[in-house]
Amino acid sequence: MADLKSNFLGISSPNPFWLASAPPTDKEYNVRRAFDAGWGGVVWKTLGAEGPPVVNVNGPRYGAIWGADRRLLGLNNIELITDRPLQVNLDEMTRVKKDYPDRALIASIMVPCDEQSWKDILPRVEDTGADGIELNFGCPHGMAERGMGSAVGQVPQYIQMVTEWCKMYYSKPVIVKLTPNITDIRFPARAAKAGGADAVSLINTINSITSVDLDNMAPEPTIGGKGTHGGYCGPAVKPIAMNMVAEIARDGETRGLPISGIGGVTTWRDAAEFMALGAGNVQVCTAAMTYGFKIVQEMISGLSQWMDERGYTSIDQFVGSAVPNVTDWQYLDLNYVTKAKIDQDACIKCGRCYAACEDTSHQAISMSADRVFEVMDDECVACNLCVNVCPVEGCITMEQMAPGAIDPRTGKTVEADYANWTTHPNNPSAKAAE
Amino acid sequence: MTSPTTPGIAAGRLSAAELANNFDDLHPPLDRHEAVVAADRCYFCHDAPCMTACPTSIDIPLFIRQIMTGTPEAAARTILSQNILGGMCARVCPTETLCEEVCVRETAEGKPVEIGRLQRFATDTLMNSGVHPFARAGVTGKTVAVVGAGPAGLSCAHRLAMHGHDVTIFEARGKAGGLNEFGIASYKSTDDFAAREIGWLLQIGGITIETGRALGNGLDLDTLQAEFDAVFLAVGLGGVNALRAAGEDKAGVTDAVDFISDLRQSSDLTTLPVGRNVVVIGGGMTAVDAAVQSKLLGAENVTIAYRRGPDRMGASKFEQDLAASKGVKILFNAMPVAVHGNGAATEIELEYTEDTGSGLKGTGETFRLNADQVFKAIGQTLTTDAGLTIDAGKIAVTGAGRTSKAGVWAGGDCASGGDDLTVTAVAEGRDAAEDIHATLMGKG
Ligand SMILES: Cc1cc2nc3c(=O)[nH]c(=O)nc-3n(C[C@H](O)[C@H](O)[C@H](O)COP(=O)(O)OP(=O)(O)OC[C@H]3O[C@@H](n4cnc5c(N)ncnc54)[C@H](O)[C@@H]3O)c2cc1C
Ligand SMILES: Cc1cc2nc3c(=O)[nH]c(=O)nc-3n(C[C@H](O)[C@H](O)[C@H](O)COP(=O)(O)O)c2cc1C
Ligand code: SF4
């Protein structure tokens, strides 16, 4: 079995699966059980400043969207940071770290945006023996209205400033957790790096309204007839999170900055994908909240099986491997020509590909009276829609045309050489090909 | 106290509780959660094969999607607009040879979308709310006589009433419903569903049912034609074929349909007699229903004797399996030659058969089975031809049920073409109604 040992920022953990700062890591009871279940590390539920803790709503705090068979696809929440006293959390963290020295324990922190607040809390966190801190600049509801969370994360100067304070008053690794509620994720990441952050973690949750109660005309979750936007997470946010991770991984200014990948990680494969895009480890929240701590067993067995199959012996052998292949649209090869192909033996004759192509694409699939569906190569633009709507995995595939063949749609010979938009004759600002 | 082993034909072989359990729903209704889970499996096929397979062409993917999105009432409208007896069909259709057989998920996983049960969920939801979703068009002043209040007649009447015509249904029996009421197996139509469905259907208005009025017995086609603008015949197949075996007249030898009818009309199954050793002759749905229900009533041994092989059997594989699972034995390639007994049947003598290619022949080898009750289920026949042209034992029709006589339409089991199924009867009744409507309004 492949070695899943992770060494993120010098913090070792038996595997790269950490629980994100959220209800699963809210208290000693949960974290002990999570570690017993096999999680490599936890980021403790976000701590606030000394004094009376925040209060949560007393009505529902989650909303959701579902797929087939009511599988939870997206969760939204209006929960705040920890609503338990600071000292209680610190004492519990101390005890847990002592009992689980091989696991990563990170303190997540959110205190007001002034130097004194950070100067006060950091030594106390340091005393717990935690392996590092994560700055919660991401929470998009409640705390942001009080000038914290995503209110800080949306202003790169604040990120840099607070990160600098943390590096000044704390000796161990500092991870900056980013909010996705921003136009270009590279700016806050660059600010974190400029402030001396050891890593960024992303994403925190996305502003959202998951559903509207049409009887009471109020967004859900509804509290006394009103609702507010909450933070969206779970499988639905994974594509957004992965793009942001990749943007930071391939940005000239932040390239090489360690990343902890978060957002919709539900299976070992999701984790592997984040890691291929440059995440050194992953954090999980919704999947654990949906299925319980036990899912980590599948993540561990799945990732190690895949690594064995691929011949990887440690995780850093594939972290970032897909980054060089993430590019801009203008550099995509326009001479790469494919055609959809339907495997008639696998086809169950549902006709979805036909409806999709005929009604909304390029009228490139024919249907016979006895329900045989075939791609017409002279019409197929290779858009991939039929592949995506087909219920049978692997039934429709994209087959590359060999160089030298004639594309029956365009009548042109498929060129062997790479050529992209930057040199295309239709591009008004094309540069002449060398 | 009688038991399954009490000799002869006797009532009360099982307790009331056992009988209630035995005659409970064959396919229990889905609850809301089960329905949504089942609906999620539909792929919303393009030009869906299930829809083509349905004799009434219900838009199945659409109604399933409507269930999935939490609007089973809208789903019911989709169903009922094509098939007004969608509630009964959801219970009795052999879906395994219709929509579900061709469902692409049957192809994909050998497990079709549960279309029948989903249809029941939708129609039950709407009907239980007491809503009748259709309204009559303005009254046209035209009148139509429908003969027979089975599925074909009811379907035709409803569609005609919807178009604003006034319909009178003449029904020979004392109660409407046809085989829905008197023939369908009890465990397919529980809780007096056939009668409830008719009550719900009649809410459309414009339909009068006159029971105890039989064509050929005080009522003739010429009179009907004189009094009404059009006539639709839906008299089904009331007669039963003869066995042509010696001893057919002995006590204990009866028509399966009569047994089933008694069973359907019984208000206390503990009083309904059944044999200890029951032999059913035939290979269709009626044979299976008679056999299974005999077993459920407490008969000790029930055997179906069918003269051909399993592939030729009219009852579907599902029904053959159902019979087997209830403990019914099916004998293939065996035909009756004589019923033995002193006054009442005690044994039946059968002969093995072989298909010679040019017809079925006895092999000469015979054997006997204990039989104190023998049910004949060897096909039903037309009882009234009303002077119309007949084709292969049925009223000959062309197009949407037009008979050899102008102004007279026919549909359902009594008319040529189509399978003898409830859903086919509904489709034929509906289509004839549309044709009658077009004709009466001068558009035909
Ligand atoms: C035992 C049995 C089980 C069956 N099970 C199923 C099943 O599970 N699924 C399925 O799809 N199909 C089943 N069928 C077939 C189905 O019941 C018929 O195809 C369907 O009922 C035909 O409808 P219909 O309206 O043509 O005739 P019927 O239902 O036979 O209705 C004819 C009506 O006309 C009346 N009538 C007859 N003669 C006259 C007259 N001279 N004047 C006035 N009225 C008259 C009758 O009393 C009756 O009410 C079964 C049939 C039988 C016999
Ligand atoms: C109920 C709930 C509470 C959360 N609370 C916090 C928090 O206190 N601090 C924090 O940094 N992130 C918090 N998050 C965000 C998660 O840590 C994580 O970034 C996000 O849910 C995306 O990951 P996922 O898709 O695996 O859930 C919370 C998420 C949820 C669902
Ligand atoms: S064939 Fe099956 S999957 Fe396709 S539309 Fe019909 S019920 Fe749905």
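Reply: Happy to! An oxygen atom of ligand 1 sits 2.9 Å from a polar backbone atom of Ala152(B), a polar contact, meaning a pair of N or O atoms within 3.5 Å. This is a predicted model, where local features need pLDDT of at least 70 and side-chain atom pairs count only at pLDDT 80 or more, while totals for chains, interfaces and linings use all residues. Residues are numbered from 1 along each chain as its sequence is written, chains are lettered from A and ligands numbered from 1 in the order in which they are written, and side-chain values use heavy atoms, leaving out hydrogens and water.

Back to the contacts: for Ala234(B), a polar backbone atom is 3.4 Å from an oxygen atom of ligand 1. The side chain of Asp413(B) has an N or O atom 2.8 Å from an oxygen atom of the ligand. On its own, ligand 1 has 990 Å² of accessible area, and the protein covers 94% of that (Shrake-Rupley method, 1.4 Å probe).

Now the wider shell. Ligand 1 is surrounded by 36 residues, each with a heavy atom within 4 Å of it. By class, 19 are nonpolar, 10 polar and 7 charged (Ala, Val, Leu, Ile, Met, Phe, Trp, Tyr, Cys and Pro count as nonpolar, Asp, Glu, Lys and Arg as charged, the others, Gly among them, as polar). Finally, ligand 1 lies between domain 1 (9–24 + 241–376) and domain 3 (143–238 + 382–440) of chain B, because both give residues to its shell; these bounds come from an automatic or database domain assignment.

Key
Polar contact = N/O pair within 3.5 Å; in protein donor to acceptor, adjacent residues only side chain to side chain.
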